[in-house]
Amino acid sequence: GNPTTATLPPEDFPFAPDMRAGKHDVIRIAAGEGSTTTVTVPASTAILDARILGVGRMTIDNYHGGTLFALSGGGQMTFENVQTAAFVQALNGRFSALDSTFERLRARGNTVAMFFERCHAKQIEVTTRSGPIFYDNGSFDGGLARFESTNGPIAVGLAGPAQVTA
């Protein structure tokens with residue numbers, strides 16, 4: 001579908017369970033409209049806040065950290081080989097996660113396609129208002145694994161046995 005303007009309601013997202021009280025290293029990356037940005041993030045970074053301002057492309061590769069917040073107004077955002085707890089909000093465009101492991105993943109979008117390939121999640125909740133959700137050759141721990149699209153197909157292909165209710 002065509003990109004549309006939407007406001008998604010606020011929601012809480014708990015930080016990684018091992019997050020200790022006190023000051024933390026935080027890196028915030030804000031990529032401007034149409035930009036290409038490359039940043040090397042130290043492994044000790046407890047919180048990574050990555051945002052695409054307008055329409056653009058961002059890839060987060062090999063981040064093995066505490067908590068990742070990724071927001072996009074449009075364009076394409078990709079995670080490759082990340083290991084983290086993550087909150088993703090993609091209003092329009094595409095979000096992809098490849099070969100990644102999530103302690104907890106909350107991904108939500110408006111008019112957005114969401115693709116997960118060879119990912120593992122302890123807890124995962126993915127919702128879109130319009131757009132497909134594909135979870136291919138992935139796995140979950142027992143517990144929360146929820147996929148919902150108001151107006152779009154959902155395909156879940158698992159790499160092993162699982163009990164699925166639709």
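**View 1. Asp-99 and Arg-118 meet in a salt bridge, with 2.6 Å from N to O.** A salt bridge here is a side-chain nitrogen of Lys or Arg within 4 Å of a carboxyl oxygen of Asp or Glu. Asp-99 sits in the loop between β4 (83-98) and β5 (101-117), and Arg-118 in the loop between β5 and β6 (120-121), so the pair ties together parts that are 19 residues apart in sequence. Strands (E, at least two residues) and helices (H or I, at least four) are DSSP runs, numbered from the N terminus. Asp-99 is partly exposed at 38% relative accessibility. Arg-118 is partly exposed too, at 39%. Buried means under 20% relative accessible area, exposed over 50%, and partly exposed in between (1.4 Å probe, protein chains only). Glu-117 joins Asp-99 and Arg-118 in a network of salt bridges.

This is a predicted model: local features need pLDDT of at least 70, side-chain atom pairs count only at pLDDT 80 or more, and totals for chains, interfaces and linings use all residues. Residues are numbered from 1 along each chain as its sequence is written, and side-chain values use heavy atoms, with hydrogens and water left out.

**View 2. Two other pairs also form salt bridges: Arg-51 with Asp-49, and Arg-146 with Glu-148.** Side chains of opposite charge can pair when their charged atoms come close. Arg-51 and Asp-49 are 2.8 Å apart, N to O. Arg-51 is partly exposed at 27% relative accessibility, whereas Asp-49 is buried at 12%. In the other pair, the closest N and O atoms are 2.1 Å apart. Arg-146 is partly exposed at 33%, and Glu-148 is partly exposed at 35%. The structure holds six salt bridges.

**View 3. The largest pocket holds about 390 Å³ of space.** Of its 20 lining residues, the closest to the centre are Phe-140, Ala-145, Gln-163, Val-164 and Thr-165. Strands β8 (133-140), β9 (145-151) and β10 (154-158) each give two or more residues to the lining. By class, the lining has 11 nonpolar, seven polar and two charged residues. Nonpolar covers Ala, Val, Leu, Ile, Met, Phe, Trp, Tyr, Cys and Pro; charged covers Asp, Glu, Lys and Arg; the others, Gly among them, are polar. A pocket is an open set of points on a 1 Å grid over the protein atoms alone, where a 1.4 Å probe fits, with protein on both sides within 12 Å along at least five of seven lines; lining residues have an atom within 4 Å of a point. Grid points are joined across faces, edges and corners, and the volume is the space filled by probe spheres set on the points.

**View 4. The largest nonpolar core has 31 residues.** Such a core is a set of buried Ala, Val, Leu, Ile, Met, Phe, Trp, Tyr and Cys residues joined through side-chain atoms within 4.5 Å. Met-58, Ile-60, Phe-79, Phe-95, Phe-102, Phe-116 and Val-126 touch the most other members. Strand β5 gives the most to this core, with six residues. Beyond its neighbours within four places in sequence, Val-126 is in contact (heavy atoms within 4.5 Å) with residues including Met-114, Phe-116, Ile-133 and Phe-147.

**View 5. Ser-72 lies in strand β3 (residues 64-80).** Ser-72 is buried, at 5% relative accessibility. Leaving aside neighbours within four places in sequence, Ser-72 is in contact with Ile-52, Met-77, Gln-89, Ala-90, Leu-91 and Asn-92.
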